Amino acid sequence: MCRWWLCAIALVAVAFGDAGTGASAFDDPPIQDCDRLAAPPDSLPDVPGVAFDAIDAAAAVAACEQAMRDFPGTARFAFQYGRALHRAGQAGAAARLYEWAATDDVAAAQYALARMLQTGEGVVADPAEAERWLRAAAAQGFAPAAEALANPPPTAPPAAGDTADDGLAALADRFDGIADILDRLSRDAPRSRFDPLAVLQPAGISVEALTAWVGTNIALVPYRGSLRGARGTLMDRYANSLDRALLLAELLADAGHDVRLARATIDAAAADALLAGFAPPAPDEAPAMDTAALAAELAAAAPDGVDPGQPARDGHDLQAAIRTRTADLTQALLAAIGELPGDAALTSHADAVAALSDHWWVQVRDGDGWIDADPSAATVGALVPQETLLPGDLPQALRHAVTLRLVIEVWEDGRLREDTVLSHRLVPADLIGRPVVLRQVPLGTPPTQRLLETTDPVAAVLDAAADAWVWQPELTIGGEPVVDRLFTMRGEVLPATPETRARLGLDDGLFGDLGDRLDTVFDEPGQQPPEAPDDATGPDGVTAEWLEIAIEVPGEPAAVHRRTVFDLLGPAARSASGVPATDFGATERMRRGLALMREVDIMVSGGALAASFVRQAMARDGADLLRVVAPLLRSPGGDAAGDLASLPRIQVPLNRYALLRFSAPAGGGAQPYLDRPNVALTWQGVDGTGGDDLRATWLFDIVANDVAIPGDGRLADHVAQGVRDTVVEDALAGPAASGNTAALHEADRAAGRTWVRLDPTDPVALDRLDLPVDARAGIARDLAAGAIVVAPPAPVDTASGPQVAWWRIDGRNGTTLGMSPAGGAVLTEEAVLTTMQGVQVGGCFAMMALTISGGMGGAYAGAAVCVAGGITGAVAGGLGGFVLSSTSSLIGGVIAVLAS
C-alpha cells in the first residue's frame, strides 16, 4: 500500500513522465473538490479559487489526493496538491510536485517552484535555477513571474566607473539570449533515462508492472558487487542482479512500497541459463537532437562574428570520423599483434557463471509478509533468501570503488621515503552528476590580485610558484571540499587544522598573519613574497609527488595506477643506489610549484552515461555560466570571482569522452559495458619554462578503460574498444595536441613505416628499438607488467618534432590503450600571454590553468573568472573581447557535448 504523499508523487510521474509530454495544465476533467479547495484565484472558470493563506490544508490535501487517484493524468491536480501540501507544512513534498507540474509547463507551478528555490524553503536554494523557472513562466505570459524578473531583489549599486559601455551591454544581452536557448534544452531533455520517477509513466506503479519493466529494459550481465547503483543502472541499461535490484527497489520505493534486498546463491545450471538468455536492453526511445536546427538558432542568437553552433553541425562528422579511424587502426593493430593468446571468449564461461551465481532480487512488504519481485524469476524459480537487507545498508565490501592518494617522496637522512598527503575513497555509484576535482593550494603566497598589480606579473607568478613552502591538497566532490593534511617543502606532513596553520604562521585563512604585510609587499618592483617563518624552513626535501589511483573490485586485488605530478630526480637516479641529496635551484623549484598548481578533473565511471542526462546537465551549467557573466559585463568592475567561483564545474572534455567512446560494433554485435570502474583525467596547468611567456597546458589522460563484451565478444573486440578510446582522446585534444598513439601510428602508416610487436617474454626486444630513454622506460614497465606492446622502431616525425607513443595490449583479455611517456595521455599547449592596458592576462596565477581554447573543447570558465574578477581597470573593449572569445569557446564545447 502507498504511503500517501509518495503514492501521489508516483501518480504525478504517471501524469507527466518526460518533460513536454503531459497534458495541458487545465484541460479536462471537470471541476473537483480539489479545485474548489486549492486552486489559485482566477485560475479556473467558475471557480473563485483560494488564496494560499486561506487554504484549509487538511481538507485540501484529502480532496487533491483523491483527485489524483481518480484523474492521474491531470496536471492541475498535481499543482493544486502541491499547494495543499505546501500549506500543510510539507514543503519538500510540495516542491517535488511543483517540479513535476513545472516540467509540464504549468506556469503557476513554475513560479511557485522558483520562489521556493529563491528562499531555500523545502529545497536547496538555487538562484540560477529559480531564474530559469521564472523565465519559463514569464514566457507563457504569467504576470507574477514577469514582474519578479523585472524587479529582482535589490543589489548594491555599481561603484564609480563600473558601468559598461554599449558594446559590453549588447554582448551581455546576446549571452542572455543563448542562455534562454540552453535553458529550454535543459528543461526539454527526456528524463526517463536518468530520473526514476519518470519511469513510472510507461511502467505504472504496481509491483508486477515495475518488475516487468526492469526485466525488459535492463540487460542482465555478469560482474561482482554493486558498480552502478540505481541511477547508473537506469542510465546504462546493462547491470548485474545486484545493481538491477537496487534500481527496482528505488522504483518501488518511489511508488510508495516498503522494500528490501534479498540474496541467495543459485546453482551453476540456473546461472548458466541466465547467461544463455542474455538479451540486449530495449532501445532508447529518446528523440534524436535536431543539431541543424540547434546550430541555426544559436547562430542567430550569438554575437556578431561568433558561431557557437558550429560544433553542433560538426558533431555528425566527428562521430563518422571516429568510426572510420577506429576501423582502420584496429585492422592495422591486429595485423601488427598477430596471434593473441586464447583468442576465444573474452570472459571465461566459468567466471561469468560464478558472478551470476550470486543472485539478488527485491522483496516487497505485503501485510505482515514479503513478496518477491525478481525479473529473473522465470529462469531461477522461487528462491529462499540467504540474506536480506535494506538498500542503504549494502556493505562497502560489495561496492566497487576508486581510492585516490597523493603521495610525496622526501629525501631525508640519506634515504628516500614516501608519505601520503591525501587519501579518499570514491564510489562510482555516488558520483553521478558530481564533478571531482583535485587541486593543491599554496599557503602563504600572495593573492592573485596582488600578483596582477605588479609591473611584471609573469615573473611574480613564477617566483610565487618557486617560493611556495606549504601546500594543502584539496579534493572537491560535487562542490564539497575534502581536506585532511598539508605538507611543507621540508617534507613534514601535518594535519590541516587551525593549530597547524597557527604554528606555521597561517592561522588566518589561507594567508594567516602574513596578511598584514601583503598591503605593502608589492608596492615596489622586484619585491618578493614574505619568507616562511624560521620554524617551518629547513632542507628542501620533497623530490617527487604522484597521484595514485587504486581501482577496487569486490573479490579482486586492487589495480594501482600511478601518475607523476612532478619528479625532480627521475627514474634512473631513483633506481641507483645512494641517491644524493639535491640542492634544487630556482628553475627546479619553479617547475615543482607550477606542477603542484595544476588542477585535475577526475571522471570515475561505473557505467555509460545517458546522453539525455549529460545534455541536460551541460545545457543547465552553460546557461548558469552565461547568466553570471552577463551582469559582470554590464558592470565590469564588480566582484566576478565571488560569483563565478560558485558555478558548477563544467567538464566538457570528460563528458564528451564519456558519450563518444561507446557505440555498438559495426557488425551489429553487443554493446560493450563496464564491469569495473573506468577512470579518465584532465590536467590543467601553467608551464613557465618558455622564458617571459606562460603557457596553459592541458593533458587528457585515460587511466583505466577496461570493458566487458556480453555474449561471444572476443579479444579483438576489446582491442577495437581500446583503439576507439584512443582515437576519441585525440579528437578531443584538437590539432595542437602531441603524444597521441592513434595519431602517431596513422602518421607512420601514411609514411609507409610499420610498427613492431614486443613480448614480455622477449627480454631483448626493446634493445631493437631506437627510442629515447623516457619512452624506453615506459615500455619496459608495460612489458614487465605482462603486456604486449606495439611500438614504432624510432620516434615519429611530426610538425612539432620527434614524438613517441605505443600501444599496450593485455594479452589475457585484450584491453588496449595508447600510451606515451606521460601515461595514457595526450598533451595540448596554448600560449596565454595577453596584454590589456599594461596588465598581462598571463599573470592570472593558477586561474590561467583554466584558460579556454577551441583545442581544449571549451573546458572551463576559469579565464572568465580571472579576467572579469582579477583584472581591474582593463579596457572595456579588451575585457569584452577576451570574455567573448573564452566564453564562446566554452559554450561551443557545451554544444559539442549536446550534439555528441
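Predicted model: local features only at pLDDT ≥ 70, side-chain atom pairs only at ≥ 80, totals over all residues.

Biologist: Which residue in E5 is the bridge partner of Gln363?

Modeller: Gln363 is paired across to strand E5. E5 spans residues 369-373, and the partner there is Asp372.

Biologist: Which residue takes a positive phi in the hairpin of E4 and E5?

Modeller: This hairpin has 2 residues between the strands. The positive phi is near 65°, and the residue that takes it is Gly367.

Biologist: Thanks! Now the helices: are H14 and H17 roughly parallel or roughly perpendicular to each other?

Modeller: Helix H14 (residues 268-276) packs with helix H17 (residues 349-357), their axes 8 Å apart. The angle is about 105°, and 65 to 115 degrees is the range for the perpendicular class. The two helices are therefore roughly perpendicular.

Biologist: How many nonpolar residues does the contact of H14 with H17 have?

Modeller: From H14 come Ala268, Ala271, Asp272, Leu274 and Leu275, which meet His349, Ala352, Val353, Leu356 and Ser357 in H17. By class, 2 of the residues in this contact are polar and 1 is charged, while the number of nonpolar ones is 7.

Biologist: Which cysteine forms a disulfide with Cys34?

Modeller: The model has 1 disulfide. Its sulfur atoms are 2.1 Å apart, and the torsion about the S-S bond is about 90°, so the disulfide is right-handed. It links distant parts of the chain, from helix H2 (residues 33-38) to helix H3 (residues 57-70), with the two cysteines 30 residues apart. The partner of Cys34 is Cys64.

Biologist: Is Cys64 buried or exposed?

Modeller: A residue counts as buried when its relative accessible area is under 20%. Cys34 has 0% and is buried. Cys64 is also at 0% relative accessibility, so Cys64 counts as buried.

Biologist: One last stop: where is Thr211 found, and is Thr211 buried or exposed?

Modeller: Thr211 is found in helix H11, residues 207-217. Leaving aside neighbours within four places in sequence, Thr211 is in contact with Leu248, Ala373, Asp374 and Pro375. The relative accessibility of Thr211 is 11%, so this residue of H11 counts as buried.

Technical notes
Residues numbered from 1 in each chain as written. Heavy atoms only, no water. Disulfide = S-S within 2.5 Å. Helix = DSSP H or I, 4+ residues; strand = E, 2+ residues; numbered from the N terminus. Buried < 20%, exposed > 50% of the residue type's maximum accessible area, 1.4 Å probe, protein only. Pairing = 2+ DSSP bridges. Axes fitted to C-alpha atoms, helices over the stretch in contact; angles between N-to-C directions. Parallel < 35°, antiparallel > 145°, perpendicular 65-115°, else oblique. Contact = heavy atoms within 4.5 Å. Nonpolar A, V, L, I, M, F, W, Y, C, P; charged D, E, K, R; others polar.
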